[in-house]
Amino acid sequence: ETYILTPLMEAMNDDAATATTVVTTTESVRCFDKLLKLHAHPDTFCAYAQMLVAQPPGSSPQHVAIKFQKMRQVYQKGLNTTSVKTGDDPEKEAAKHYLCTAYLAFELAFGSER
């Protein structure tokens, strides 16, 4: 946990210049990717999506589209890779429900009309 969370916490608490923010964001994404490989829990996917929302959108429409595509991929991967069975841990069931609700809210707000 320390190997993954320490760089992530440093990245989140860094208040340096814009160049450092870009590096910090890249580092944060890399740490979340590592965390998801080790611990595929619905809460982790929700936190990853929230981190992506907090990132600056970019300077062009392409950057915004890429950001939305990445968020959609995170939600879909979270829904596909986390399984919850009846009688499973109630916290995990609640987390999966929250992940579904957050994904629906995202699609309602930013999804296409298809």
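Helix 4 (residues 61–81) and helix 5 (residues 90–110) pack with their axes 10 Å apart and at an angle of about 150°, in a model that is predicted. Because angles over 145 degrees count as roughly antiparallel, helix 4 and helix 5 are roughly antiparallel to each other. The crossing of helix 4 and helix 5 is left-handed.

**The contact between helix 4 and helix 5**

- On the side of helix 4, the contact is made by F68, M71, R72, Y75, Q76, G78 and L79, while helix 5 contributes K96, L99, C100, A102, Y103, F106, E107 and F110.
- Sorted by class, the residues in this contact of helix 4 with helix 5 comprise 10 nonpolar, two polar and three charged residues.

**The largest nonpolar core**

- The largest nonpolar core has 17 residues, and those with the most contacts inside it are Y48, M51, L52, V74 and Y75.
- At least two residues of this core come from each of helix 2 (18–38), helix 3 (42–54), helix 4 and helix 5, and helix 3 gives the most, with six residues.
- Leaving aside residues up to four places away in sequence, Y75 touches A49, L99, A102, Y103 and F106; Y75 is also one of the residues through which helix 4 makes its contact with helix 5.

**K96 in helix 5**

- K96 lies in helix 5 and is among the residues of that helix in the contact with helix 4.
- K96 counts as buried because its relative accessibility is 15%, and buried means under 20%.
- When residues up to four places away in sequence are not counted, K96 touches P42, G78, L79, T82, S83 and V84.

Methods. Residues are numbered from 1 along each chain as its sequence is written. This is a predicted model: local features need pLDDT of at least 70, side-chain atom pairs count only at pLDDT 80 or more; totals for chains, interfaces and linings use all residues. Side-chain values use heavy atoms; hydrogens and water are left out. Axes are lines fitted to C-alpha atoms, for helices over the stretch in contact, and angles run from 0 to 180 degrees between N-to-C directions. Helices (H or I, at least four residues) and strands (E, at least two) are DSSP runs, numbered from the N terminus. Angles under 35 degrees count as roughly parallel, over 145 as roughly antiparallel, 65 to 115 as roughly perpendicular and the rest as oblique. A crossing is left-handed if the near helix is turned anticlockwise from the far one by less than a right angle, and right-handed if clockwise. Contact means heavy atoms within 4.5 Å. Ala, Val, Leu, Ile, Met, Phe, Trp, Tyr, Cys and Pro count as nonpolar, Asp, Glu, Lys and Arg as charged, and the others, Gly among them, as polar. A nonpolar core is a set of buried Ala, Val, Leu, Ile, Met, Phe, Trp, Tyr and Cys residues joined through side-chain atoms within 4.5 Å. Buried means under 20% relative accessible area, exposed over 50%, partly exposed in between (1.4 Å probe, protein chains only).
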